[in-house]
Amino acid sequence: MATPFKTVKRGQATAPIRTGDEYIASLRGRKLKVYLFGELVPEPVDHPVIRPSVNAVAETYDLAARNPELGSALSPYTGERVNRFLHVAASAEDLVMQNKMQRRLGQITGTCFQRCVGMDAINSLHSVTFEIDQAHGTPYHMRFLEFVARMQRSGYVIGGAMTDVKGDRAKAPHEQADPDLFVHVTRRTDEGIYIRGAKAHQTGCINSHWLIVMPTLRLGPEDRDYAIVGALPVDAPGITYIYGRQSCDTRSMEGDIDAGNKRFSGQEAMIVFEDAFIPWKNVFMDGEHEFASMLVERFTCYHRRSYVCKTGVGDVLIGAAATVADYNGVEKVSHIRDKLVEMTHLNETIYGTGVASSYQAVPMSSGVYLADDMLANVCKHHVTKLPYEIGRLAQDLAGGLMVTLPSEKELDHPEVGAIIRKYLKGRAEIDTEDRMRILRLIENMTLGRNAVGYLTESMHGAGSPQAQRIQIARQMQIETKKRMAKGLAGIASEPPEEPSCEGVQYLDRVFRAVDGRD
Ligand SMILES: Cc1cc2nc3c(=O)[nH]c(=O)nc-3n(C[C@H](O)[C@H](O)[C@H](O)COP(=O)(O)OP(=O)(O)OC[C@H]3O[C@@H](n4cnc5c(N)ncnc54)[C@H](O)[C@@H]3O)c2cc1C
Ligand code: SF4
């Protein structure tokens, strides 16, 4: 198939980061200003609370090295295979493969592996920069393609910084008591722009190489200085990171068993910009406020079906629940089997809608494929609910010991260790330590560090539940459905319109020929 993309000229070739070890090495020595527990962190990579989140991102490289079909794609910009997180989707299949990669990484890490926000940002900016240029004659799209090619040639991690701290939620950015509650431009020079403000809940930002800053909501003409999209290195001057606490995060500073998942965790931090500089070559929107809502909607369309990541994590939790039932000797009991079936049913419900959103993608005028917005929102709306039910069922199967277990220090203690091994035993042939380990994993995923990723991030990440309901309401075509019902009931009414393959409504996409090659 001919590529719809323009060729981007090759710049200075550098060896891209290919493996997890190379990635971890690339993060060292950057002198980031990161605060955690009231102190500046000398080297984030080596901090025991931060390291598990670094390990999770490293898996995105190692998966691509082990399984290039799943974890990488051929770039039309560089002519080389690049990590799939840096690839712009040139087909519905590319979007489906993103989902499959996300599920696999959820299975491998049992947590948030942090790279999807940047991936979804570059996919949404591809079409938005193209359409701004068409409307205003601006140079954003080619700048953006050059930026993507640079990222691909280096194999970098991009963090997506959309959510502002937002202050009074009922007020627009320019109406806030403090203008810095939304990120905005403070100064423009011949070289570029300076930005100020703070972005909240930023997934994997300290583990990234670059950040893309974007507006978080619909903007009006008075918010022109807030309509800003630009990319800057994570270690640019004027940036401070304030690390977010996660429930039970200090368990990562303790031993092995009590952490639940010692190797992997997610990461969120607040990013504060104090007149941080972005050169013009990395500015992809400056003042085109009428395109802010288009960007937010396209970004969330990609990102809400990216939440199939939670089905990979769900696979692990279902496996943990089945294991604890096995260790307790009840795996074959009918209500246990039925609960495992229910957990699987809920998990696959999320996957089904997410992957269907990708399959039902449509090409944009820039050439990128955009996932189906209705199904993306249905997927994310499931994610705001179903992991909580899966977690509830996992806790049901785990039993109360999940929250009353003594620490691993007791297990190793010369006096009480033997008592613990004797009285906390399940089936005779199962090691008590293994029973404790699986219970700690369930605790980690439903109450501890990785419950941030599995539960609350499922609720609010990519937008709180009401944001999806608004998008679903906009696209539900109630009048068309009423006309269908009235026609069959014999009530005089206009017949429903025939779905059109040129149309932009949800039901048009439902009946569009598969793959868009009609
Ligand atoms: C773990 C985690 C990771 C995240 N990662 C990223 C990331 O990498 N990048 C990024 O940009 N963002 C990220 N987010 C941010 C996420 O998109 C936001 O949390 C989400 O948009 C909700 O915003 P908020 O948290 O400020 O909640 P709030 O805005 O405080 O919302 C709280 C409640 O108030 C309601 N509400 C808010 N405003 C209004 C209004 N005007 N009218 C009516 N109701 C309203 C909401 O519907 C919700 O029920 C992450 C969030 C989490 C929890
Ligand atoms: S929550 Fe899921 S989609 Fe978002 S960055 Fe983490 S793993 Fe990716």
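In the predicted model, an N or O atom in the side chain of threonine 163 lies 2.6 Å from a nitrogen atom of ligand 1. A backbone N or O atom of glycine 160 is placed 3.0 Å from a nitrogen atom of ligand 1, and a polar side-chain atom of glutamine 202 is 3.3 Å from an oxygen atom of the ligand. Ligand 1 taken alone exposes 970 Å², of which the protein buries 65% (Shrake-Rupley method, 1.4 Å probe).

The shell around ligand 1 holds 17 residues, of which Met162, Thr163, Arg169, His201 and Thr203 come nearest; a residue is near a molecule if one of its heavy atoms lies within 4 Å of it. By class, the shell divides into 4 nonpolar, 9 polar and 4 charged residues, with Gly counted as polar. Strand 5 (158-161), strand 7 (192-203) and helix 16 (449-460) each supply at least two residues of this shell, and the largest share, 3 residues, comes from strand 7.

Glutamine 475 is located in the loop between helix 17 (465-474) and helix 18 (478-489). With a relative accessible area of 13%, glutamine 475 is buried (under 20%, 1.4 Å probe, protein chains only). Its side chain makes a polar contact of 2.7 Å with the side chain of aspartate 373 (a pair of N or O atoms within 3.5 Å, one able to donate a hydrogen and the other to accept it).

Residues are numbered from 1 along each chain as its sequence is written, and chains are lettered from A and ligands numbered from 1 in the order in which they are written. Local features need pLDDT of at least 70, side-chain atom pairs count only at pLDDT 80 or more, totals for chains, interfaces and linings use all residues, and side-chain values use heavy atoms, with hydrogens and water left out.

How values were computed
Helix = DSSP H or I, 4+ residues; strand = E, 2+ residues; numbered from the N terminus. Buried < 20%, exposed > 50% of the residue type's maximum accessible area, 1.4 Å probe, protein only.
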